[in-house]
Amino acid sequence: EKIKLKHGSHREGKRTDAIMQKWRGNGLGQFIHWGLYAIPGGEWNGKQYNGAAEWIRSWNEMPKPAYDSLIYKFNPVNFNADQWAAIAKDMGARYVTITTKHHDGFCLWPSKYTSYTVANSPWKKDIMKPLVDAYDKAGIDVILYFSIMDWNHPGWRYDIKTRADSIAFEGFKKFTRNQLIELLTMYPKAKGLWFDGTWDKSWIKQAKFADELEAEMRKLRPGLIIGSRFRADEYGKRHFDSNNVLMGDYEQGWERKLPNTIADVHGNDWDCVMTIPENQWGYNKAWKGHIKTSTELIEMTAKAVSLGGNFVLNFGPKGDGSIRDQEKRLALEIGDWMKVNNEAIYNCGYSGLEKQDWGYSTKKTRIDKIYMVVFNIPVSGAYRVKLPAKTAIAKSYLLADQNQVLKVEEVHTNEYFVYANPASQSKPFVIVLETKKKERSGENNY
Ligand SMILES: C[C@@H]1N[C@@H](c2cn(-c3ccccc3)nn2)[C@H](O)[C@@H]1O
């Protein structure tokens, strides 16, 4: 029995408009975390901060005034928006999410509503405009990351406990609305907003305000894409409202983790945002622990697409605006694979097939093509695939070499072995299945 909600979700099921269909088919995206935190790069006074570099302001070892005065050191002489966009293009990313303002409140655009922006740094110039233009020129859609939580704004509160809190937070809410309308007005090419910093009680209590603000933004920018993290319903429920309906246009619940089965995504659109090290979004000088390889990241991309989502890989440019070598190399390695295999990623989604040990299957939307993205090569050379009843395999071949038609054997009803011995076994590869309707129940060759 559904309960009456004024500020719950206002739409059930996936959006079907062209802007969202393009987003749904993107498959692979780039995340950019850049700001003042890139200057210390996880280190202060010769000591290393163990947390995520973009959270260094919350570290007791670094006095807040010392962090806040980093604005006077922001002068990224090696910043080159076209180079960042080229790296994303070479990787095969079809959209980018860029931090306009992270939790520290520093704005990468010359906002009229605070002095804590690039305009008052030695750099002086707008960073967002050249980035939006460079990515747009490269044919990569832009999404603006915006943190509601803003440690620099005097009106920010973690919770509203007193009348004074309430008065201060009203000013903060007006400021937040002003900045969001400002961003949408200054960067009309942006396709969406990626909200963060919305988990504290102060914001969760603003169901009505946030609901009306979301409506105002959608009216100002028809088709705008906003995820489930922006606002809570009037009972404080986030991501899914009190009737368990997804808030916003897609689920933003997969941060540094992936769903495992299709049941985990409840038939919704979703994105997974991922770091290359364990947990560093902003630039950190010392990448500690496991640094993901391009093969791991390609597998995560294939897994995300196989479960109907997008995979968004994070880059943390240095304080001088350059991109670190490890990130450039990974982007090129992923891009080399995507150049050959992106047909299995772009405009693909959940195939409906049972998961097999060799890897992940994806399906082109509306076309009878299934892609078997192989990460684990069976010693038998036989790749098992179970098709729905009345579906047969018309043809099978390697995506990387379509002249190599592969032998297919129906080993049980609707269960097939595809035989493939790929040339190079050191990289994931894709087997294509062109399917057709089964005319009649063919002989099964047991
Ligand atoms: C997309 C990622 N989200 C930010 C984040 C938020 N949190 C966090 C930490 C403690 C409680 C709740 C949320 N950790 N990281 C990261 O700083 C980065 O921006």
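Modeller: Let us begin with a definition: contact means heavy atoms within 4.5 Å, while helices (H or I, at least four residues) and strands (E, at least two) are DSSP runs, numbered from the N terminus. This is a predicted model, in which local features need pLDDT of at least 70 and side-chain atom pairs count only at pLDDT 80 or more, whereas totals for chains, interfaces and linings use all residues. Residues are numbered from 1 along each chain as its sequence is written, and side-chain values use heavy atoms, with hydrogens and water left out.

Biologist: What covers the buried residues of H1?

Modeller: The cover includes strand S4 (95–101), strand S5 (141–147), strand S7 (225–226), strand S9 (270–274) and strand S10 (310–315). The buried residues of helix H1 (residues 18–25) are Met20, Trp23 and Gly25, where buried means under 20% relative accessible area, exposed over 50%, and partly exposed in between, with a 1.4 Å probe and protein chains only.

Biologist: Why is His7 called buried?

Modeller: His7, in the segment before H1, has 12% relative accessibility, and because buried means under 20%, His7 counts as buried. Leaving aside neighbours within four places in sequence, His7 is in contact with residues including Ala207, Lys208, Arg231 and Met247. Ala232 is also in contact with His7, although the two are 225 residues apart in sequence, and their C-alpha atoms are 7.9 Å apart in space.

Biologist: What makes the pair of His7 and Asp211 a polar contact?

Modeller: A polar contact is a pair of N or O atoms within 3.5 Å; within protein, one must be able to donate a hydrogen and the other to accept it, and residues adjacent in sequence count only if both atoms are side-chain atoms. The side chains of His7 and Asp211 are joined at 2.8 Å, which is within that limit of 3.5 Å.

Biologist: How do you know which residues surround the ligand?

Modeller: A residue is near a molecule if one of its heavy atoms lies within 4 Å of it, and the residues around the ligand are His33, Glu54, Trp55, His102, His103, Tyr145, Trp194, Asp196, Trp199, Glu255 and Trp281. An N or O atom in the side chain of His33 is 2.7 Å from an oxygen atom of the ligand, a polar side-chain atom of His102 lies 2.7 Å from an oxygen atom of the ligand, and a polar side-chain atom of Asp196 lies 2.7 Å from a nitrogen atom of the ligand.

Biologist: What makes a set of residues a nonpolar core?

Modeller: The term describes a set of buried Ala, Val, Leu, Ile, Met, Phe, Trp, Tyr and Cys residues joined through side-chain atoms within 4.5 Å. The largest such core has 102 residues, and Tyr135 and Met217 have the most contacts inside it. Helix H5 (residues 163–186) gives the largest share of this core, 7 residues. Apart from it lies another core, of 18 residues, among them Ile370, Met372, Tyr383 and Leu387.
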